[in-house]
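Reader: Could you walk me through a few of the labels used for this model, and what stands behind each one?

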Amino acid sequence: MKKIAFVLAALFLTSQFGFANSVMAHPDEGSIPPKISDEKGNPSKMKMRGPRRPRLTKEQIVEKVSKDYGYSVEILSPLADKYSPMDLGTSCLYAKASGEDLEKVLELRQNNSWTRMRKLLFKDAQDYADKMQAYQVGKFKAKENLTKEELEKFLAKGYPMNDIVKASQVAAKAKQPVAKVLPMRTAAFDWEVVEKKLGVWEEPKEQNPWNRRRGGGIRRGAGFSGLHMGEKSQQELVAILHDDYLFSEAELAQYIGKLGFNELENVCLVAYMAQTPLSKVEKMRNKYSWEMIKNKLGLTPNVYEERCIDYQARRLNERMDIPEQLTKDLMYEGFGMHHINTAFLLSKYCDKSIKEILLTKTPAKPWKQVAEELGISQEDLKISQGKISKAFGRH
């Protein structure tokens, strides 16, 4: 299962199964938010928002979670009063995949980010990927055009489960074999493009309250931060990518006009993590999805995690003078790069270690409250956060 499961760790919970995936994708605190882009894929200053998702009642939430994970309504109903829909749904998923008791998982969540939760509940990134996929394959129900055996064959070839399931849906509408439709989805052509090519695209009639659109997804889990951007010249955009990924500005300039900033950053990230030329990844994006590209470049869950951590340790050392090994040690324990950054700066104002500060920070406790508990003034907190914004911002 190791070969066929690895994309789940790099592209965290992108499957269409399960409440945590369908409600809000995955709440990975280190992920980048969706970017507003112009027609060329370059960042825009416009901050347009779509219609709000319809609000769901407690009964609807409990019913959905119960249906997805098999916990009784009697068990979930009181928990829905105490935990957010996201925490409840994702905790159910983690409990099922890890084999841990739901109450234990919910208790752990109160003090830990989802990234750290994975460290506490799974052996490593590969174990997480294997168990997530095993759980989702186990609950898969055969479709008219996709049997469980066929699903497993596609998985063995490296296709991610969410794409396989989506392909079966599109194939049914287009009256085409799944095996023909599945390869049409590539990094360059998303499912909307595929459906339009097949003549089966339909505009969504209403927003699904269980879904939240995320960004491209491939940078999720790497601990990226400081990605808010204003209007930039092409030269400035190239300089940003050069500073982050170390490819030459001359080489980056060859692609920025063709791909736009956002897609070129996707290419840079995968090429950097796979330690392979930009040109190779750029060519692969027209033939394979990002998940398949990672598969073919040997970016298994553990390799991807290791490279992501090395990447962030280098950046924190270059920009904030944080020792690389310190960052690596803490990130391997599941602490996010952006939290390590803040904790490092706050440790200058108190007698607590960086790890002690990190353990003080919980999902429900903002840095403002952490600073107050540590006896750090809000002004010093603001100064620290300003240093981070200056070092990592792309304003």
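Predicted model: local features only at pLDDT ≥ 70, side-chain atom pairs only at ≥ 80, totals over all residues.

Reader: What makes α4 oblique to α5?

Author: The axes of α4 (residues 58-69) and α5 (residues 73-82) cross at roughly 130 degrees and come within 9 Å. Under 35 degrees is roughly parallel, over 145 roughly antiparallel, 65 to 115 roughly perpendicular, and the rest oblique. That makes α4 oblique to α5. The crossing is right-handed, meaning the near helix is turned clockwise from the far one by less than a right angle.

Reader: Which residues make the contact?

Author: With contact meaning heavy atoms within 4.5 Å, K58, V62, V65 and S66 of α4 meet V73, L76, S77, A80 and D81 of α5. They divide into five nonpolar, two polar and two charged.

Reader: Why is the Y94 and Y128 pair called tilted?

Author: Rings of Phe, Tyr and Trp (its six-membered ring) pair if their centres lie within 6.5 Å; planes under 30 degrees apart are stacked, over 60 edge-to-face, and the rest tilted. The Y94 and Y128 centres are 6.5 Å apart and the planes sit at 50 degrees, so this pair is tilted. Y94 is in α6 (residues 85-98) and Y128 in α9 (residues 125-138), 34 residues apart. Y94, W114, F122 and Y128 also form one aromatic cluster.

Reader: And what makes the Y245 and Y272 pair edge-to-face?

Author: Their planes are at 70 degrees, with centres 6.2 Å apart, so the pair is edge-to-face. Y245 belongs to α14 (residues 234-245) and Y272 to α15 (residues 249-274), so the pair ties together parts 27 residues apart in sequence. The whole structure has nine aromatic pairs.

Reader: Are those tyrosines buried or exposed?

Author: Buried means under 20% relative accessible area, exposed over 50%, and partly exposed in between (1.4 Å probe, protein chains only). Y94 and Y128 are buried, and so are both Y245 and Y272.

Reader: How do you know that α20 is mostly covered?

Author: Nine of the ten residues of α20 (residues 337-346) are buried, among them M337, H339, F344 and L346. The buried residues pack against α18 (301-320), α19 (324-332), α21 (354-360), α22 (367-374) and α23 (378-392).

Terms used
Residues numbered from 1 in each chain as written. Heavy atoms only, no water. Axes fitted to C-alpha atoms, helices over the stretch in contact; angles between N-to-C directions. Helix = DSSP H or I, 4+ residues; strand = E, 2+ residues; numbered from the N terminus. Nonpolar A, V, L, I, M, F, W, Y, C, P; charged D, E, K, R; others polar.
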